[in-house]
Amino acid sequence: MVQSAFRSSIMWQKAMTLSTSTYSATRKFPREEIFGLTNQLRPASVSIPSNIAEGNRGITKGEFIQFLGIARGSTLEVQTQLELASRLGYGDNEELESVQAISLEVLKLLNASISTLQATIHKRTKLC
C-alpha cells in the first residue's frame, strides 16, 4: 500500500481511532437500531478521517479548511448521536464515554488546524 502524507497526521490517526471505536461501540446497540442510530453513527464517523484525507491532497489552504469544516461537522454529529445513545441506554456506557472522549480530542485537533490555517491565510492577505 502506498503511504500517503495524511497517514502521518495525528489528526487523521485519531479520527481513524474514533471511527473504529464507533463501529465497535455500535455493535452492542439493540438490533432494531441497525437502521437508526447505528446507521447514522457509522457513516458520520467514517466521514471524519475521509475528509481529513481528501483535504490533505495538496489543494489550497482555503479548500483544506472547507474539508476540515466538514470533518468538524461530522465530529459534532457523532458527539450528538453518542449522547443520544447514552441517554437511551444503548451499548456499554463506559465504551460510549471513551468514544466521546476520543471525539473531543479529534474536535480539538480540527479546531486548532482550522484556526492555524485561517491565521496563515489572514496573515498572507494582510501582507499583500
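Trainee: How should I read the burial of tryptophan 12: is this residue buried or exposed?

Mentor: A residue is called buried when its relative accessible area is under 20%, exposed when it is over 50%, and partly exposed in between, with a 1.4 Å probe and protein chains only. Tryptophan 12 has a relative accessible area of 12%, so it is buried. Please note that this is a predicted model, in which local features need pLDDT of at least 70 and side-chain atom pairs count only at pLDDT 80 or more, whereas totals for chains, interfaces and linings use all residues. Residues are numbered from 1 along each chain as its sequence is written, and side-chain values use heavy atoms, with hydrogens and water left out.

Trainee: How many aromatic pairs does the structure hold?

Mentor: A pair of aromatic rings is described by the distance of the centres and the angle of the planes. Rings of Phe, Tyr and Trp (its six-membered ring) pair if their centres lie within 6.5 Å; planes under 30 degrees apart count as stacked, over 60 as edge-to-face and the rest as tilted. The structure holds two such pairs.

Another pair joins phenylalanine 29 to tyrosine 90; it is tilted, with 5.8 Å between the centres and 50 degrees between the planes. Because phenylalanine 29 lies in the loop between helix H1 (10-26) and helix H2 (37-55), and tyrosine 90 in the loop between H3 and helix H4 (93-127), the pair ties together parts that are 61 residues apart in sequence. Phenylalanine 29 is buried at 7% relative accessible area, and tyrosine 90 is buried at 15%.

Trainee: Which residues does tyrosine 90 touch, not counting residues up to four places away in sequence?

Mentor: A contact requires heavy atoms within 4.5 Å. By that criterion, tyrosine 90 touches Phe29, Pro30, Glu33, Leu37, Ala85 and Leu96, with residues up to four places away in sequence not counted. For leucine 37, which is 53 residues away along the chain, the C-alpha separation from tyrosine 90 is 9.6 Å.

Trainee: How many helices and strands make up the secondary structure of the protein?

Mentor: Helices (H or I, at least four residues) and strands (E, at least two) are DSSP runs, numbered from the N terminus. The protein has four helices and zero strands, and along the sequence the pattern reads α-α-α-α.

Trainee: What span should helix H3 have, and how far apart are its end C-alpha atoms?

Mentor: The expected span of a helix is 1.5 Å times one less than its number of residues. Helix H3 (residues 61-88) has 28 residues and should therefore span 40 Å; its end C-alpha atoms are 40 Å apart, which agrees. Glycine 89 follows H3 and has a positive phi, near 80 degrees.

Trainee: Which residues in H3 are buried?

Mentor: An α-helix has 3.6 residues a turn, so residues three or four places apart point the same way. The buried residues in H3 include Phe64, Phe67, Leu68, Ala71, Thr75, Val78, Leu82 and Ala85. Isoleucine 70 also lies in helix H3, but at 40% relative accessibility it counts as partly exposed. Leaving out residues up to four places away in sequence, isoleucine 70 touches Ser47 and Asn51.

Trainee: Where is valine 106 found?

Mentor: Valine 106 is found in helix H4, and its relative accessible area of 0% makes it buried. Beyond its neighbours within four places in sequence, valine 106 is in contact with Lys14, Ala15, Leu18, Ile48 and Thr75. Its C-alpha atom is separated by 9.3 Å from that of glutamine 13, 93 residues apart along the chain.

Trainee: What percentage of the 128 residues in the protein is buried?

Mentor: Buried residues make up 39% of the 128 residues. Among contacts with a separation of 6 or more, residues 24 or more positions apart account for 71%. The C-alpha atoms fill a box of roughly 55 × 35 × 20 Å along the principal axes.
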